[in-house]
Amino acid sequence: MPEKQQENSNIILDCQGISKSFGGTRALKDVTFRVKKGQVHALLGENGAGKSTLMKIIIGLYKADKGEVFFEGKPYHVNGPAEAIRAGISMIHQELNTEPYLSIAESIFLNREDVHGKFPFLDKKETNRKAAELLRQFDFNLSPKILMEELTLAQSQMIEIIKAVSCNARLVIMDEPTSSLDSEETERLFRTIRSLQAQGVTIIYISHRMEEIFQVCDSYSVFRDGQFVNSGELAEVTTGDLISMMVGRKVESVFPKVDCEIGEVVFKVEGLTGKGFQDISFEVHRGEILGLSGLVGSGRSETMRAIFGMDPLTSGKIYLEGKEITIKNPREAISKGIAMINEDRKNFGLCLFRSLRENISLPNLRTLHKGALINQNKEKIEVKDIATQLRVKTASIEADAFSLSGGNQQKVVLSKWLMSKPKVLIMDEPTRGVDVGAKSEIHALMSKFAAEGMAIIVVSSELPEIIGMSDRILIYHEGRLNGEIAREEILNGSADQETILAKEFGE
Amino acid sequence: MENVKEKKILGMDQHELSLFMKRYGIVFIMVGMFLILSISSPNFLKINNITNVFSTVALNGVLAMGMVFVITAGGIDLSIGSMLALASTTIGIVLQATGNIPLSCVAAVLICTVFGLLNGVLIAKFNMFPFVVTLASQLVIRGLGYVISGGYSFALANPKFSRIGLGKLWNVIPYPILILFGITILAYILLHQTKFGRYIYAVGGNINAATASGVNVFWTRVGSFIISGFCAGVAGIIMTARINAAQPNIGVGYETDAIAACVIGGTSFAGGISTIPGTLVGIIIIGLIYNGMNLLGISSYWQTICKGLLIIGAVMLDTIINKKR
């Protein structure tokens with residue numbers, strides 16, 4: 001009995017039965033999540049497992065549809081990060097949002113500025129003094145007057161942590177804190193984490209890097225598809241155990257990949273290097289679907305953007321149908337027969353407030369000309385054709401793209417690129433934010449266009465999609481290719497999701 | 001699933017309603033103003049007054065037809081007022097030196113177009129804010145007008161040239177109206193029927209998506225400023241001919257009326273949304289405001305206030321109808 005009581009008082013954060021949906025998709029299903037006081041707790045899961053959603057609920061950015069949260073044994077309700085900080089929970093985001101033109105001291109004490117007595121005039125001396133003290137406490141040799149913009153990413157991250165502690169945070173959430181740190185900076189961060197732990201601060205540590213997790217964390221929880229899978233002490237498990245917990249599901253047969261004849265090499269890259277990826281070489285054949293797998297930020301999308309001319313390449317060669325080509329911008333890529341569906345539909349896919357017709361014909365206007373003018377009849381006919389072929393559900397091709405559902409918007413993006421009949425089609429997260437029905441339609445289309453002789457490159461964070469659709473899978477790990485798996489290996493069972501995920505984690 | 005479908009149909013209805021309001025709402029306002037003015041002022045419907053309305057409208061109209069390209073592509077051009085002055089002094093110099101009317105007109109249009117090109121290159125190449133670039137270039141352009149004229153205004157004393165601004169075709173239709181008519185048709189074809197026009201909408205609507213769709217964003221943005229400069233040059237010819245003098249101090253504040261006409265005509269300041277017919281209606285509404293208030297004996301001070309309020313009202317209407325977020 002006393003043992004049980006002690007265990008309860010030991011739990012600092014207790015989330016019970018949390019559910020959350022966005023539109024039709026369930027991000028969290030009846031999730032239970034407990035963290036013991038004074039521990040560094042690793043939160044693990046694939047992309048889209050629901051880790052970030054839960055953390056955003058905890059700091060008040062989202063509201064849970066169902067469920068209760070208890071913090072330090074008391075019911076906990078907050079509306080936004082500011083209230084969460086006051087309650088004792090701070091989050092260090094992966095993308096830091098700092099005010100570049102504030103000094104370190106101003107940044108730490110933003111919203112809690114010192115004033116002279118009762119007057120609303122800032123007492124900068126006092127603020128600087130307190131900031132200097134905090135910096136000393138953390139062995140941080142910087143003047144509190146330095147501007148935030150002059151700091152490195154690791155330094156600004158440290159300032160965020162100091163700020164959290166100075167707000168009396170008892171629980172600090174760190175989302176991929178080492179993703180942009182070098183090994184020395186990482187080591188420093190770990191020292192800070194341990195000293196926080198010694199002061200009694202609890203930490204939730206979200207990361208994809210297994211070695212770090214075993215190095216710095218005490219316990220873990222694993223999420224999968226919005227559900228809680230398991231938790232326990234890290235001392236009792238291996239990396240392999242954690243990976244199989246993260247994957248754990250069967251490949252559903254919703255991916256109607258139709259096998260077709262695979263022809264000659266259409267597209268080939270050699271030694272591509274750019275920001276976020278190094279020495280990438282691969283080839284794609286006519287009729288082939290090549291899947292690129294890897295964790296978010298592992299360099300897959302970055303490579304595709306560079307191939308399509310949206311970001312610069314520092315070195316490497318690109319061959320199309322055997323001839324070496326150079327691509328300086330998307331215009332050149334398109335004119336050579338390469339099309340790309342961007343992962344960010346809203347920013348790079350559509351002009352939301354223009355009609356379907358204009359969106360679909362935008363990259364194809366050069367083929368719709370009659371003298372100097374656009375042949376509007378031909379345009380209407382061809383747009384209608386492709387939209388019907390792809391079963392875009394809309395009242396009229398004159399409707400704004402804005403008025404369509406996510407799945408239909410994605411079909412509009414597909415239409416615009418398929419109308420140009422590309423030789424190589426790059427699809428970056430082609431079914432992100434798309435409902436199940438439209439998703440399988442898009443998969444069917446991919447098979448169809450591959451069968452017609454297109455070479456398709458798919459980037460997806462959904463392993464079942466990659467496994468179900470690809471003839472060949474290339475796996476990225478931290479900017480480099482870390483293995484290749486053929487469809488036969490999947491079919492004969494010699495490779496599966498675990499094999500892929502292990503490679504994604506650098507095994 | 002069913003639920004989703006219903007919502008979508010409702011969404012379409014709303015969309016169609018807002019499309020209808022966006023297309024025709026402003027026309028109702030124009031017709032309403034016509035009716036009110038014909039009832040309240042017996043002089044309004046007289047041929048003389050109507051042609052007067054349109055010929056005062058022509059100058060602002062030509063400017064607005066250029067401005068609409070810039071705003072649709074996501075920019076703004078504050079330099080067109082001073083381009084009027086530069087065009088005027090250029091015409092004065094060339095006309096005095098050569099006496100050649102076509103040559104002086106071409107020179108005026110050319111110099112304004114070149115400054116449009118410069119505006120555009122600065123903005124698109126170096127990614128500077130259009131507001132700031134054209135705010136600064138307007139000083140350069142007006143200054144240049146003063147420099148080449150030596151700071152003086154001078155009468156042109158060329159009755160043939162002044163006919164461009166004051167003459168009438170068959171003694172009925174003033175030439176400026178014909179010029180506005182021609183420019184409007186050109187603008188309509190360019191914006192609504194060519195690749196370039198489509199690119200203007202794409203760049204203003206979503207510059208990233210336009211780049212990713214292979215649109216040459218640089219030349220599209222530059223092109224919008226070239227058109228604005230060209231139109232300012234043409235408007236400069238009309239203005240100089242009407243006053244029959246070369247003046248380096250004219251055209252102050254004309255960009256305001258041009259911007260107002262675009263906005264009243266349904267051009268979104270966020271870019272990507274506009275129509276040429278809408279802009280024309282916006283131009284006429286502004287003309288009616290001036291003319292109506294003149295006929296009703298309202299002082300020009302109040303006219304300025306009313307115009308300001310109307311722009312605010314139009315922008316508010318635009319945000320309510322579009323409700324982007």
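At what angle do the axes of helix α4 and helix α10 of chain B cross? Roughly 150°. Keep in mind that this is a predicted model.

Let me stay with that helix pair. In chain B, α4 covers residues 101-126 and α10 covers residues 217-243. Their axes come within 7 Å. Angles over 145 degrees count as roughly antiparallel. So α4(B) is roughly antiparallel to α10(B). The crossing of α4(B) and α10(B) is right-handed. What sits in the contact of α4(B) with α10(B), by class? There are 17 nonpolar residues, nine polar and one charged.

Still in chain B, one glycine. G143(B) belongs to helix α5, residues 130-149 of chain B. Buried, exposed or in between? G143(B) is partly exposed: 14 other C-beta atoms lie within 10 Å. The cut-offs are 20 or more for buried and 12 or fewer for exposed, so a count of 14 falls in between. Then there is A85(B). From G143(B) to A85(B) is 58 residues in sequence, but 9.6 Å in space, C-alpha to C-alpha.

Next, the contact between the chains. Chain A gives 25 residues and chain B gives 22 residues. Which elements of chain A give two or more residues to the side that touches chain B? They are α11 (330-335), α12 (345-349) and β18 (373-374) of chain A. By class, that side of chain A has 16 nonpolar, five polar and four charged residues.

Now the sheet in chain A. Six strands, open, in the order β16-β19-β20-β13-β21-β22. The pairing is mixed. Which strands stand at the edges? In chain A, β16 (338-341) and β22 (480-486) do. Each has a single partner strand, so one side of each is left without a neighbour in the sheet. On average, neighbouring strands of this sheet are turned by 20° against each other, direction ignored.

Zoom in on one pair. Strands β19 (residues 424-428) and β20 (residues 455-459) of chain A run in the parallel sense, with five bridges. Within that pair, V424(A) stands opposite A455(A) in β20(A).

Last item: what packs on the sheet? Helix α10 of chain A does, residues 300-307. That helix touches β13 (289-293), β16, β19, β20 and β21 (472-477) of chain A. The direction of α10(A) makes about 145° with that of β19(A).

Conventions
Residues numbered from 1 in each chain as written. Chains lettered and ligands numbered in written order. Predicted model: local features only at pLDDT ≥ 70, side-chain atom pairs only at ≥ 80, totals over all residues. Axes fitted to C-alpha atoms, helices over the stretch in contact; angles between N-to-C directions. Helix = DSSP H or I, 4+ residues; strand = E, 2+ residues; numbered from the N terminus. Parallel < 35°, antiparallel > 145°, perpendicular 65-115°, else oblique. Left-handed = near helix turned anticlockwise from the far one by under 90°. Nonpolar A, V, L, I, M, F, W, Y, C, P; charged D, E, K, R; others polar. Contact = placed C-beta atoms within 7 Å. Pairing = 2+ DSSP bridges.
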